[in-house]
Amino acid sequence: MKIGIVGLGLIGGSLGRAIVSKTQDEVYAFDLSKKAMLDGKLLKAYHHELGDENIGEMDIIFFSLYPYALSRVIKEYCPKLKEGCLVADCCGNKRKIVEEMKVLAKEYPHLDFISTHPMAGREFSGVSHSTTTLFDRASMILVPVKGDIKRIAFLKSYFLALGFGEVVITTAEKHDEIIAFTSQLAHIVSSSYIKSPTANQFMGFSAGSFRDMTRVAKLSPEMWAQLTVDNADFLVGEIDCFIQNLTQYKNALAKRDFEEMKNLLAEGNEKKIASEKMRRTKK
């Protein structure tokens, strides 16, 4: 097959490198950044540059772009794609792009559309930090828009062959609701946590807890601002819940209430154990 990738950042670059190293498919890539294209070529993230002369040959095309550019770019590419081409994005939010894909599916009935979200990342951005193994054992989320069950089954098998550990099929609404908690809230909390004045004095006083809590504070402000603002309704709800829970701990400490504090910590411990058990059971 011929696979197109538009956007050679961490995700697009890692996707290209995984396809190049683990399949016989040809990868064609495009990025506005000449440096990204050069780095991607050196890292074997693609075989050929994607352009007007070959765009009509793609069997699948992935758009790995920031949310605000995504819909505009997909609209520009759709008229150039051949019949049967599968159009997929890798965006972290789904409701907006899925609605736009539904409109495009009516305008271009010869194309298929499936929205994807690889649940993997690093605290670094750019193709220079991409890896061939970023998606190994990770979860891939699919939100079908237009495509028969055979096409969805094919894509599921394809992602598993690239190293993903599981493929989850869901709706755009459910995706954005859960992602607000599992991903976006974590970045907000980490960014807030590192702003304590005490953080300037961490040297010699930190271990795994500090590293874990601050890891995802290192991010692309532009991308994460777009993701969080676009999913603000769900994310604000999760932040309200977090503040409510945090306030319980604060009140217990203010009262020096040992028993209440022990109960709150025990509840959190039990929740964590239950979530780990759920994961093991699922596997």
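A contact in this briefing means heavy atoms within 4.5 Å. The structure is a predicted model, in which local features need pLDDT of at least 70 and side-chain atom pairs count only at pLDDT 80 or more, while totals for chains, interfaces and linings use all residues. Residues are numbered from 1 along each chain as its sequence is written, and side-chain values use heavy atoms, with hydrogens and water left out. The protein chain has 10 helices and 8 strands; helices (H or I, at least four residues) and strands (E, at least two) are DSSP runs numbered from the N terminus.

**Overall chain**

- The C-alpha trace of the protein chain spans about 70 × 40 × 35 Å along its principal axes.
- Of its 283 residues, 41% count as buried, where buried means under 20% relative accessible area, exposed over 50%, and partly exposed in between (1.4 Å probe, protein chains only).
- Among contacts in the protein chain with a separation of 6 or more, 74% join residues 24 or more positions apart.

**Sheet**

- An open sheet of 8 strands runs in the order β3-β2-β1-β4-β5-β6-β7-β8, with mixed pairing; two strands pair if DSSP finds at least two bridges between them.
- The edges are held by β3 (48–49) and β8 (166–169), and each has a single partner strand, so one side of each is left without a neighbour in the sheet.
- The pairing of β2 with β3 is parallel and covers 2 bridges.
- Glu49 in β3 is the bridge partner of Ala29.

**Nonpolar cores**

- A nonpolar core is a set of buried Ala, Val, Leu, Ile, Met, Phe, Trp, Tyr and Cys residues joined through side-chain atoms within 4.5 Å.
- In soluble globular proteins, nonpolar side chains tend to be buried together.
- The largest nonpolar core contains 33 residues, and those with the most contacts inside it are Leu8, Leu15, Phe62, Phe159 and Leu162.
- Elements that give two or more residues to this core include the helices α1 (10–22), α2 (34–42) and α5 (149–161), together with strands such as β1 (2–6) and β7 (139–146).
- The largest share of this core, 5 residues, is contributed by α1.
- Apart from its neighbours within four places in sequence, Leu162 is in contact with Leu15, Ala18, Ile19, Lys22, Thr23 and Asp136.
- A second, separate core has 28 residues, including Val6, Ile74, Val87 and Ala172.

**Aromatic rings**

- Rings of Phe, Tyr and Trp (its six-membered ring) pair if their centres lie within 6.5 Å; planes under 30 degrees apart count as stacked, over 60 as edge-to-face and the rest as tilted.
- By this rule there are 7 aromatic pairs.
- The ring centres of Tyr193 and Phe210 are 6.4 Å apart and their planes stand at 55 degrees, so the pair is tilted.
- This pair links distant parts of the chain, with Tyr193 in helix α6 (residues 172–193) and Phe210 in helix α7 (residues 208–214), 17 residues apart.
- Phe210 is buried at a relative accessible area of 16%, whereas Tyr193 is partly exposed at 37%.
- Phe210 also forms a stacked pair with Phe202, at 4.8 Å centre to centre and 15 degrees between the planes.
- Phe202 has 32% relative accessibility and therefore counts as partly exposed.
- One aromatic cluster is formed by Phe62, Phe135, Phe159 and Phe164.
- The charged end of Lys80 sits over the ring of Tyr77, 5.6 Å from its centre; such a placement requires NZ of Lys or CZ of Arg within 6 Å of the ring centre and within 35 degrees of the ring normal.

- Thr214 lies in helix α7 and is buried, with a relative accessible area of 15%.
- Leaving out neighbours within four places in sequence, Thr214 is in contact with Ser190, Tyr193 and Ile194.
- In helix α8 (residues 221–230), the buried residues are Trp224, Gln226, Leu227 and Thr228.
- The cover over these buried residues of α8 includes α3 (67–77), α6 and α9 (232–254).

**Cysteines**

- The structure holds 0 disulfides, a disulfide being a pair of cysteine sulfur atoms within 2.5 Å.
- The closest cysteine sulfur to that of Cys90 belongs to Cys91 and is 9.1 Å away, too far for a bond.
- Cys90 is buried, with a relative accessible area of 12%, whereas Cys241 is partly exposed at 36% relative accessibility.
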